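Hi everyone, thanks for coming. Please take a look at the sequence and the model on the screen, and then we'll walk through them together.

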Amino acid sequence: MKTDRFQAFSDGIFAILITILVLEFHIPDYQPGHLLAALLAQWPLILSYVFSYFYVGTLWLFHHDYFNMLQRIDRNVNMLNLLMLFSITLLDYPMSLVADALTTGNRQDMQTAFIVYDLVALFISATFYFMYAYLHHHQVLKKPGISMAFYAAIKFDPVRSVTIYGLAIVATFWSVWLGAILLAGGIIFHFLAYLRMSRQLEQAKGGTA
């Protein structure tokens, strides 16, 4: 199967997910003359949305650049992609949980919300690892000119992010804010890994398939 429909379907899922994220915004209840205070009180939702949008956007960049190196796909790639997209569509739920928990300020609720977010993020990273490994062992699906060194350079990035989110889960039991920092660090790591993958992909195009 060629990649056109594969990419179009995936792009559609990402677009719908980003739309769903922004639908979490609602006009707050406020007394006349107190709209600004009501808007400022929504900072947990805004913060959660910014990080989630950045996260989803980075995942889309990964997906777009990585799968552009394929000349065709098979049934297993389609199935792995469906699993990957399923994991990504789960992000709206923990985003809402984190926003609500930060609004109430209850420590146990924040612990639960951050751990749920960590688990979803860990799941997403695991699906990328499975996809990386499968395509590495099926080089025939890739375009000519992608060197074997490309996989060697990026194969541990999903493992590193899984480790970060695993540490975030453990840390959250001791300190909610340390866990939150590690969660944010994991999302930022994805972006840095994307930039490195893009550079490696450009270099790999000059190698031997």
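Are H3 and H4 roughly parallel or roughly antiparallel to each other? Before I answer, a word on the source: this is a predicted model, where local features need pLDDT of at least 70, side-chain atom pairs count only at pLDDT 80 or more, and totals for chains, interfaces and linings use all residues. Residues are numbered from 1 along each chain as its sequence is written, and side-chain values use heavy atoms, with hydrogens and water left out.

The protein chain has nine helices and zero strands; helices are DSSP runs of H or I with at least four residues, strands are runs of E with at least two, and both are numbered from the N terminus.

Back to our pair. The axes of H3 and H4, lines fitted to C-alpha atoms over the stretch in contact, come within 12 Å and cross at roughly 165°. H3 and H4 are therefore roughly antiparallel, a word we use for angles over 145 degrees, while under 35 counts as roughly parallel.

Who meets whom? In H3, Leu-59, His-63 and Phe-67 are in contact with Asn-81, Met-84 and Ile-88 in H4, where contact means heavy atoms within 4.5 Å. Four of the residues in this H3 and H4 contact are nonpolar, two are polar and none is charged.

Leu-59 turns up again among the residues that Leu-91 touches, which include Tyr-55 and Val-56, leaving aside residues up to four places away in sequence.

Finally, the C-alpha trace spans about 65 × 35 × 25 Å along its principal axes.

Key. Axes fitted to C-alpha atoms, helices over the stretch in contact; angles between N-to-C directions. Parallel < 35°, antiparallel > 145°, perpendicular 65-115°, else oblique. Nonpolar A, V, L, I, M, F, W, Y, C, P; charged D, E, K, R; others polar.
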